[in-house]
Structures are given as C-alpha cells and as structure tokens.
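Reader: Can we go through this one quickly? I'd like the overall layout, then some detail.
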2 protein chains.
Amino acid sequence: MIRIGIDVGGTGIQTGAVNDEGIILAEESIITRTDIPFPEQIRNMVDSVRRIIDACGLELKDVASVGVGIPGIASKETGEVIKCANMGWNHVPFRQEWEKLISLPLYIENDANVAALAESIAGVSAGTSSSVFITIGTGIGSGIILNGKIWSGAHGIGGELGHVILDLDGVPCSCGNHGCLERYCSATALIRFAREAVQLFPDCSLLKAVDGNPDRIEARTVIDLARTNDPLASALYTKWISYLSQAIASVVNLLDPEVIVIGGGVSRAGAFLLEAIASRFPQYVIFKDQPLPDLKLASLGAKAGIIGAAMLN
Amino acid sequence: MIRIGIDVGGTGIQTGAVNDEGIILAEESIITRTDIPFPEQIRNMVDSVRRIIDACGLELKDVASVGVGIPGIASKETGEVIKCANMGWNHVPFRQEWEKLISLPLYIENDANVAALAESIAGVSAGTSSSVFITIGTGIGSGIILNGKIWSGAHGIGGELGHVILDLDGVPCSCGNHGCLERYCSATALIRFAREAVQLFPDCSLLKAVDGNPDRIEARTVIDLARTNDPLASALYTKWISYLSQAIASVVNLLDPEVIVIGGGVSRAGAFLLEAIASRFPQYVIFKDQPLPDLKLASLGAKAGIIGAAMLN
C-alpha cells in the first residue's frame with residue numbers, strides 16, 4: 001500500500017508518496033507560509049497530498065495513511081499540535097481541521113522522531129529494534145526507537161537529548177536553562193568555541209580562512225582545517241568531539257541502544273567525524289569492556305523526513 | 001503460581017516466595033560469603049530456595065521460576081553474570097551452575113532494575129506502563145520500565161543514570177570518569193558538600209550536631225538540620241536538591257516516563273525530599289507547560305529486591 005509523508009520545515013513543506021520498502025515514488029515541495037491562517041496552511045498541505053496521489057495515478061482509496069513530521073510536539077490521541085514555534089502553532093487542532101478536508105487517517109510526530117523511524121526502517125539502522133538518532137546542526141535533535149517504535153514518552157515530551165543537562169551551572173540556553181547538551185555539542189557550539197579562540201590567536205589559520213571576519217566561521221571551517229592538522233582547529237575539534245562523545249556515552253549508559261545514528265548538517269563531515277567519536281566515546285561508558293552500540297552515519301539525509309512521516313502509524 | 005525471588009546484597013542474601021499479587025509468603029536471609037568458591041555460593045542459594053519451598057508446604061512443581069537480583073550485570077540469554085564486583089564475580093556461568101543443582105527456570109537481573117520492576121507491579125508505580133526508579137544512597141542506581149518491562153539496553157549495560165555526565169570536566173568518579181551524575185546527587189555528594197562547607201563555618205550548627213567531627217556528618221545530619229531552617233544546612237540542601245532536580249528533569253526531557261520513583265536510603269526523608277524536588281524539577285524541563293511525570297516515593301523498601309526478582313521472566 002502507498003502512504004504519504006509530509007515533512008514540515010521552516011522554509012519548505014515536502015510531501016511524498018512512499019511504498020512499503022520506504023522508496024519515494026513521487027514528491028513535491030511547497031513554500032512554508034506563516035503569513036496565512038492555520039486552516040489555510042492545512043488546506044495547502046491537503047492540496048499537495050491530492051496532487052501527489054494524482055501524480056502516482058492513484059485514488060484516495062489506494063492510500064493507507066498520511067503522516068506529518070513537525071519541528072514541535074503533538075498529541076497522538078487528539079492530533080492536536082501542542083507546540084510548533086516555526087509555524088506559529090500553539091495548541092492548534094490539526095487533525096480536526098484535516099478531517100474536514102480529506103478522509104485519510106492522519107498521524108503527527110516530532111520531526112527528529114520521524115527521522116529516527118525512517119532510518120530504523122529504511123535507512124542505516126534498518127533491521128535493528130533499538131536505536132537513538134542524533135541530529136547535529138544548529139541545535140541537537142534526537143529520536144528514540146525502542147522495540148521498533150518511536151519512544152516519545154508518556155506525555156509526548158521525551159526524546160529531547162539537546163536539553164539534557166551536560167554542564168551544571170553552564171552556558172545559558174535559549175530554552176531558559178543553563179548547561180544544556182546542545183550548547184556544547186551542536187554545530188553552533190563548535191562555532192562559538194572557534195569565535196572565542198580566534199580572539200586569542202589573531203594570526204591563526206582559522207581567521208585567515210574567513211578573511212579575518214570571525215562572524216563568517218562555520219562548523220565546516222573548523223572541521224576542514226582540523227582535517228589538515230591545523231593546531232588551533234584540531235584543538236577546538238578535539239574539545240568538541242570530547243563533549244559529543246560524553247553526550248553519546250551518557251545515552252549508552254542510560255539507554256544502550258543497538259545503534260546510535262548521527263545525522264544533521266554536521267554529519268556531512270563523514271568518516272572524519274564518525275571515527276573521531278567512535279574512538280572517543282567508549283572511555284566514558286561505565287561497562288566499557290562489554291559490546292557497545294554501533295555508531296553510524298544517517299543514510300537517508302533530507303529524505304528521512306518524508307519517509308519516516310509516511311511510516312507513522 | 002508461586003515464584004521465588006533472591007536479592008543478592010553485599011552483606012546478606014534474601015530469598016522469598018512471592019505470589020501473583022507480589023505478596024511475600026515466606027522469606028529467609030543468609031550471610032553473603034565471598035570467601036568461598038562460586039559454585040558453593042550458588043549451592044547455598046539453592047539450599048535457601050529449597051527451604052523456602054518447604055516452609056510454604058510446596059514442592060518444586062508448584063514453583064514457576066526463580067529470579068535473582070544482583071548488584072551487577074548479567075546476560076539474559078546465557079545466564080552468565082558478566083560483572084558483580086561485591087561478589088567477586090567476573091564472567092561466571094551462573095545459570096549453568098544453577099541447572100546442575102535444581103530444575104527451576106532462572107532469571108538474573110541488575111538489582112536496581114529489579115526494584116524498578118517490583119514498584120511497577122506491586123508498589124507505588126503499579127498500573128503504569130512506564131517508570132524510572134532512582135535509588136539515592138551511597139551512589140545513584142536506576143531502573144527503567146517501558147511498556148511494562150525492564151529496559152536494560154541492547155547489550156544489558158543501560159539504566160546507569162548514576163554515570164550519565166552531569167558536569168563537564170567535573171568531580172572525579174570511582175568509575176574513572178569526571179562529572180558523573182552520582183557525584184552531585186547521591187547521599188555521598190550531600191555529605192561531601194557539607195564537609196567542605198563546615199571548614200568555612202567552624203561555628204555552624206552542622207559541626208555542633210556531630211560534636212565537631214566532620215567525618216561523622218551523614219546525609220541525615222544535613223537534611224534534619226535543613227528541616228529546622230538552619231541557614232547553612234538549608235543552603236547545602238537547596239544546592240543538592242537543585243542538582244537532583246536537574247538530573248530528574250534530564251530524565252524527563254529524554255524519557256518522559258509516567259512516573260519517577262525515588263527510593264534508596266535518602267528516600268526516608270519522605271515528603272520533605274519529595275516536595276523539594278517536585279517544586280524544583282519542572283523549571284528544568286523543556287516543555288514545562290505540559291503534563292509532567294508524577295514524582296513518588298518508593299513504597300516497597302528493602303522488600304522490592306525479593307518481589308522484583310520473583311517477577312522476572
């Protein structure tokens with residue numbers, strides 16, 4: 001049977017028809033509009049779904065369900081979106097509005113959970129029953145798969161690894177707390193470490209690489225220089241890898257999944273990133289002489305959003 | 001049907017017959033002996049099991065299974081105890097030895113996981129499908145129950161909340177790492193904070209309460225004085241509660257169970273402890289305006305070890 005997945009992002013909304021093997025048969029993208037009322041946003045998504053069904057030469061009855069991945073949280077029971085800051089949604093009756101427009105079962109989930117599910121069914125963690133997906137970008141997102149299913153908690157507020165405390169009385173976080181894990185392990189954190197460090201080393205290669213403008217330092221700038229063994233970039237990278245490894249070891253000490261999947265923009269650093277973490281995290285695991293979770297790079301990239309959403313049930 | 005639970009502790013080994021309601025029908029205790037070879041230790045446990053069956057007026061065929069809770073980790077598949085420092089066990093073939101002596105199905109689990117299971121079936125979290133049990137004593141132990149079952153990870157090394165990193169580059173831990181959660185949230189941590197503080201305040205009530213000998217400060221000494229609003233004890237208690245609350249909020253942000261159960265020696269502080277944590281932890285939760293896990297005190301006390309072990313399957 002065909003299922004439809006919708007990936008709601010800050011700039012675009014991707015919709016795709018997915019088969020049982022997790023292959024996308026047709027897809028389209030519409031611009032994310034936050035300037036229109038919520039019912040119109042839903043109507044645009046429904047129109048997109050109808051066009052995709054047409055494009056596949058199918059009818060409504062050939063489609064099993066529609067899943068939506070959102071950068072926020074929703075109630076599984078009522079289909080209400082509880083919070084989705086990017087879209088300006090706060091307690092909006094998504095499923096209720098949806099059901100006025102199209103008669104297809106609807107599931108809504110957090111986007112990191114959706115990506116975790118996609119990888120565990122059609123991606124790098126396929127065939128495992130437990131995995132933790134960690135997406136490293138501007139922040140840190142995560143999705144937990146246990147016994148083959150998304151675990152998002154009893155109240156739907158779990159899976160937020162980025163806001164686990166990693167440093168008591170640490171750096172302030174946008175969430176209002178101090179010392180949240182994403183302040184030390186995200187791409188943003190690596191950039192912060194670099195911008196602080198270049199103040200102390202005005203002649204460093206890092207600053208030369210951005211024509212002397214610290215605001216232009218990206219995570220990639222540091223990582224690319226670390227690959228060349230530049231001393232300052234290597235030191236910054238090693239510190240950041242140490243923090244990321246401690247975060248991953250904490251996940252192992254608490255949850256011990258079969259696989260830990262690394263995704264997000266930073267994962268484009270590939271084997272250089274994976275090998276650095278893999279060689280470092282075991283030292284922070286309490287039972288380090290036991291078999292440990294495999295560490296793998298996400299394989300579905302941006303498509304995980306559509307595929308995982310389609311897999312929701 | 002009757003099931004037997006064995007709680008292997010550092011000083012004593014408790015064995016009990018438990019019915020389907022989690023009621024202990026008969027129990028006995030033998031001294032923990034680490035001076036005898038491993039097969040003799042197992043033989044002593046089997047003898048204890050036989051006496052308990054006799055005491056209930058039952059025969060072997062009336063007993064469904066035997067469960068053993070150990071302060072260590074074991075393989076569910078092979079019944080091998082992988083590590084149990086207190087007993088001096090390192091990769092010992094527990095089930096293999098057991099099967100030579102008695103024909104009863106045997107299950108082995110970590111003792112904090114066993115206590116978590118007991119509370120979730122016959123204790124304060126009965127009727128819930130997800131809970132995290134946190135035992136606060138010399139260290140921090142924990143057991144995770146998801147979908148009504150113990151979650152100890154894909155390799156059996158999960159559920160170790162005490163060794164999740166809470167403070168980057170923090171206080172050294174006996175496990176070899178720095179900044180482990182139990183260094184900030186255990187009874188031992190509260191005692192450490194107090195012993196450090198009394199050096200600065202030689203006239204404090206805390207030091208008077210132990211006749212001027214800092215080595216005699218216990219967690220209870222600080223908590224009892226904090227109850228009377230003694231300024232120094234209250235400040236220490238508040239700091240410790242803040243750390244404990246951040247640890248609990250991290251569990252909520254990641255796992256969001258229905259209930260968090262507080263057990264261990266420190267839980268004897270009762271409502272004074274529970275209310276302090278309950279009023280503090282929500283501020284560290286990312287989705288703090290949502291329904292949050294209930295926080296409860298463990299209700300089975302030391303009996304959780306026998307009851308939970310008997311419930312293993």
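This is a predicted model: local features need pLDDT of at least 70, side-chain atom pairs count only at pLDDT 80 or more; totals for chains, interfaces and linings use all residues.

Reader: OK. Which domains does the assignment give for chain A?
Author: Domain 1 of chain A covers 2-118 + 303-311. Domain 2 of chain A covers 127-297.

Reader: How many Å separate the centres of those domains of chain A?
Author: The centres of domain 1 and domain 2 of chain A are 29 Å apart, taken over C-alpha atoms.

Reader: And how many residues does each domain of chain A bring to the contact?
Author: Domain 1 of chain A brings ten residues, and domain 2 of chain A brings 14 residues.

Reader: Which elements give two or more residues to the domain 1 side in chain A?
Author: Strand S8 (106-110) and helix H3 (111-122) of chain A do. H3(A) gives the most on that side, with five residues.

Reader: Switching to the pair of chains. What rotation superposes chain A on chain B?
Author: A rotation of 180°, with 0.0 Å of shift along its axis. The RMSD is 0.0 Å. That is the relation of a two-fold axis.

Reader: Which C-alpha of chain A is nearest the axis?
Author: That of A:Asp167. The C-alpha of A:Asp167 lies 2.1 Å from the axis.

Reader: Why do the copies meet through the same surface?
Author: Because 100% of the interface residues of chain A are also interface residues in chain B.

Reader: How many residues from each chain are in that contact?
Author: Chain A supplies 39 residues and chain B supplies 39 residues.

Reader: Which elements of chain A supply at least two residues each on the side that touches chain B?
Author: Strand S6 (81-84) and helix H8 (231-254) of chain A. H8(A) gives the most to that side, with five residues.

Reader: How do the residues on that side of chain A divide?
Author: Into 23 nonpolar, eleven polar and five charged.

Reader: Back to H8(A). At what angle do the axes of H7(A) and H8(A) cross?
Author: Roughly 115°, and the axes come within 8 Å. Helix H7 of chain A spans residues 219-227. The angle makes H7(A) roughly perpendicular to H8(A), since 65 to 115 degrees counts as roughly perpendicular.

Reader: Left-handed or right-handed crossing for H7(A) and H8(A)?
Author: Left-handed.

Reader: Which residues of H7(A) and H8(A) meet?
Author: From H7(A), A:Val222, A:Ile223, A:Leu225 and A:Ala226. From H8(A), A:Ala233, A:Ser234, A:Leu236 and A:Tyr237. By class, this contact of H7(A) with H8(A) has seven nonpolar residues, one polar and no charged.

Reader: Now chain B. At what angle do H7 and H8 of chain B cross?
Author: The axes of H7 (residues 219-227) and H8 (residues 231-254) of chain B cross at roughly 115° and come within 8 Å. That makes H7(B) roughly perpendicular to H8(B). The crossing of H7(B) and H8(B) is left-handed.

Reader: Which residues make that contact in chain B?
Author: H7(B) uses B:Val222, B:Ile223, B:Leu225 and B:Ala226. H8(B) uses B:Ala233, B:Ser234, B:Leu236 and B:Tyr237. Seven residues of the contact of H7(B) with H8(B) are nonpolar, one is polar and none is charged.

Methods: Residues are numbered from 1 along each chain as its sequence is written. Chains are lettered from A and ligands numbered from 1 in the order in which they are written. Axes are lines fitted to C-alpha atoms, for helices over the stretch in contact, and angles run from 0 to 180 degrees between N-to-C directions. Helices (H or I, at least four residues) and strands (E, at least two) are DSSP runs, numbered from the N terminus. Angles under 35 degrees count as roughly parallel, over 145 as roughly antiparallel, 65 to 115 as roughly perpendicular and the rest as oblique. A crossing is left-handed if the near helix is turned anticlockwise from the far one by less than a right angle, and right-handed if clockwise. Two residues are in contact if their C-beta atoms, placed from the backbone, lie within 7 Å. Ala, Val, Leu, Ile, Met, Phe, Trp, Tyr, Cys and Pro count as nonpolar, Asp, Glu, Lys and Arg as charged, and the others, Gly among them, as polar. Domain bounds come from an automatic or database domain assignment. Copies are superposed by least squares on the C-alpha atoms of residues with pLDDT of at least 70 in both.
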